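Subject: Structure handover

Hello,

Here is the structure for your files. My notes on it follow below.

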Amino acid sequence: MPELDKIAGRIVLVVDAAAPAGAREACEEAAAALARRASMPVTLATVPVETLDAVQPVLRRGRSRLRELAPPDPGAMTSAPFRRRPDGRPDWAAMWTTFCDLALHGGPPHRGAAQ
């Protein structure tokens, strides 16, 4: 059996052939990065949506698990602008208050006093 026909022991990333070219390229980059990180082969399957629809019932049987990962929320909090004092050192007081926004909303505690 040719090596590409053996799926056992591989990670398989399946993408709709009708997805935009940029999305397919991103999947290829993700598959390559995953293969490097996992130190194992990753199969990238670009298939027509009809094939994906036909495979769904099989994937949902038994102990299989499908997860959908959504892109990040464009309204998500970004990093604060970095500010410097006239002498070039970071102006922590201008960037931080007693509590950072994350801590105010239940996130990790503030890292400490300004220096």
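Does Asp87 count as buried or exposed? Asp87 has a relative accessibility of 52%, and the cut-off for exposed is over 50%, so Asp87 counts as exposed. Please keep in mind that the model is predicted.

Salt bridge

Asp87 pairs with Arg85 in a salt bridge, in which the closest N and O atoms are 3.6 Å apart. The structure holds 1 salt bridge. As background, side chains of opposite charge can pair when their charged atoms come close. Arg85 has a relative accessibility of 27% and therefore counts as partly exposed.

Overall layout

The chain has 4 helices and 2 strands. Read from the N terminus, the order of the elements is β-α-β-α-α-α. The chain has 115 residues, of which 8% count as buried.

Largest pocket

The volume of the largest pocket is about 970 Å³. Its lining is made of 18 residues, and those closest to the centre of the pocket are Leu13, Val14, Leu59, Leu66 and Arg67. By class, the lining divides into 11 nonpolar, 3 polar and 4 charged residues. At least two lining residues come from each of β1 (11-16), β2 (42-47) and α2 (49-59). The most is given by α2, which supplies 5 residues.

Nonpolar patch

Val55, Leu59 and Leu66 make a nonpolar surface patch of about 220 Å². Two of these names, Leu59 and Leu66, are also among the residues closest to the centre of the largest pocket. Leu59 belongs to helix α2. With a relative accessibility of 37%, Leu59 lies between the cut-offs of 20% and 50%, which means that Leu59 counts as partly exposed.

Backbone at Ser39

Which value does phi of Ser39 take? The angle is near 55 degrees, a positive value in a residue other than glycine. For context, most residues other than glycine have a negative phi. Ser39 sits in the loop that lies between α1 (21-38) and β2. Ser39 has a relative accessible area of 64%, so Ser39 is exposed.

Regards

Conventions. Residues numbered from 1 in each chain as written. Predicted model: local features only at pLDDT ≥ 70, side-chain atom pairs only at ≥ 80, totals over all residues. Heavy atoms only, no water. 1 Å grid on protein atoms, 1.4 Å probe; cavity = no way out; pocket = protein on both sides within 12 Å on 5 of 7 lines; lining within 4 Å. Points joined across faces, edges and corners; volume = space filled by probe spheres on them. Nonpolar A, V, L, I, M, F, W, Y, C, P; charged D, E, K, R; others polar. Patch = residues over 30% accessible without salt bridge, like charges linked within 9 Å, V, L, I, M, F, W, Y side chains within 5 Å. Areas by Shrake-Rupley, 256 points an atom, 1.4 Å probe, with all protein chains shown as cover. Salt bridge = Lys/Arg side-chain N within 4 Å of Asp/Glu carboxyl O. Buried < 20%, exposed > 50% of the residue type's maximum accessible area, 1.4 Å probe, protein only.
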